Amino acid sequence: MKLRIKTLLYIAIVTIPCNVFAQNEEYEYGSGQDSITCLENLSVYQNRYRNEEKTSEFSPETMKAWRNAFFSCPKGSKNMYSPHGVKMFETLAKSTKDETLKNAYIDTIKLIYDRRIEFFGEKERYLGFKGADIFMLNSSLFEEAYELCKQSVDGLGNKSDIKTIIILMQTAVIKVSNKTMEKTEAIALYQKLDGILEYNSKKGSSAHENWRKNLEAIFLRLNPECSDLIAVFEPQFTATPNDVELLKKITSNLSKDCSDSDLYLQAAINLDKLEPSALSKRNIAEMYASKKESSRAIQYFQESIDLEENNELKA
């Protein structure tokens, strides 16, 4: 009969510390002698791993114990897969100059994630981690990484992991440059991913808010045209027309190639209302002048003069 052991109820086998296997869920370690061997291997690799992860130098003894546990008791530990197994083979992949060997290590990481999903579920989440990790080790795998990360985000939605979101956008940019994705599709993807980060930032996550800037920087690598930028920012402006940070983002991104657009003008006007300055009013006046709207141009030029503290500029 299978030995099934719940956390905090397990009294450790002699010589194996019970806290090594303290978990919150039910695990399976086999039966009879197999269960003892399983627990011994888990204990050896986990104890050694805790010491060796500080230097990321994993000994052959640690790797051997991990392999034994990996193949003999696949439901003995979640951490055995990720982060432990993944980190050990990532370290090996990064340290070798042999491309064949590196690819073999990457294949092992794929297998680790596949077995993590097979025995403990959470498919969408770990497919995303799988895609992100193989891309970071070998960027030529961008197509495979894109599909894995996309499947993860499509399944998890607003619960998607930040790493998966960022790698999905990075791989999309590469696909556009390799002509395996249309730019419009990548732009739509950016809007979706930014929406996920925004949703979580509004829930109080500072990490999601901070990573929005990184996502935007990746998006801008697409070298979007004016119409592309307007398609991205106009819905945001409509939703929150008085968001100072958004207004600064819009005016900054549209100032080069979209300075004659209505969106740029409206964003500049709203920003000036919230943070008025002589410079902003002068810029708005010049935009109205270029549109042949003289009365409004004169109004903003006068307001600029009134606010200007530099007498030479006033003159």
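Predicted model: local features only at pLDDT ≥ 70, side-chain atom pairs only at ≥ 80, totals over all residues.
Who is its partner? Cys226 forms a disulfide with Cys258, and their sulfur atoms are 2.1 Å apart. Cys226 lies in helix 10 (residues 226-239), while Cys258 lies in the loop between helix 11 (244-254) and helix 12 (262-274), so the pair ties together parts that are 32 residues apart in sequence. Cys258 has a relative accessibility of 0%, so this residue counts as buried.

## The other disulfide

How many disulfides are there in the whole structure? A search finds two. A quick reminder: a disulfide is a covalent bond between the sulfur atoms of two cysteines.

The other pair is Cys38 and Cys73, with an S to S distance of 2.2 Å. Here Cys38 sits in helix 1 (residues 32-52) and Cys73 in the loop between helix 2 (60-72) and helix 3 (80-95), so this bond links parts that are 35 residues apart in sequence. The torsion about the S-S bond of Cys38 and Cys73 is about 95°, which makes the disulfide right-handed. Both Cys38 and Cys73 are buried.

Count the bonded cysteines along the chain and you get the pattern 1-2, 3-4. Another cysteine to look at is Cys149, which is buried at 0% relative accessibility.

## Rings that meet

Now for the aromatic side chains: the structure holds 10 aromatic pairs. One of them is Phe70 with Phe71, an edge-to-face pair with 4.9 Å from centre to centre and 90° between the planes. Are these two buried or exposed? Phe70 is buried, with a relative accessible area of 2%, whereas Phe71 counts as exposed at 56%.

Tyr81 and Phe120 also pair up: their ring centres are 6.1 Å apart and their planes are at 65°, so this pair is edge-to-face. Tyr81 belongs to helix 3 and Phe120 to helix 4 (residues 99-120), so the pair ties together parts 39 residues apart in sequence. Tyr81 and Phe120 are both buried.

## Charges over rings

Phe70 turns up again here, because Arg115 lies over the face of its ring, at 4.5 Å from the ring centre. As for Arg116, its charged end sits over the ring of Tyr126, 4.1 Å from the centre.

Note on methods: Residues numbered from 1 in each chain as written. Heavy atoms only, no water. Disulfide = S-S within 2.5 Å. Helix = DSSP H or I, 4+ residues; strand = E, 2+ residues; numbered from the N terminus. Buried < 20%, exposed > 50% of the residue type's maximum accessible area, 1.4 Å probe, protein only. Phe/Tyr/Trp six-rings, centres within 6.5 Å; stacked < 30°, edge-to-face > 60°. Lys NZ or Arg CZ within 6 Å of the ring centre and 35° of its normal.
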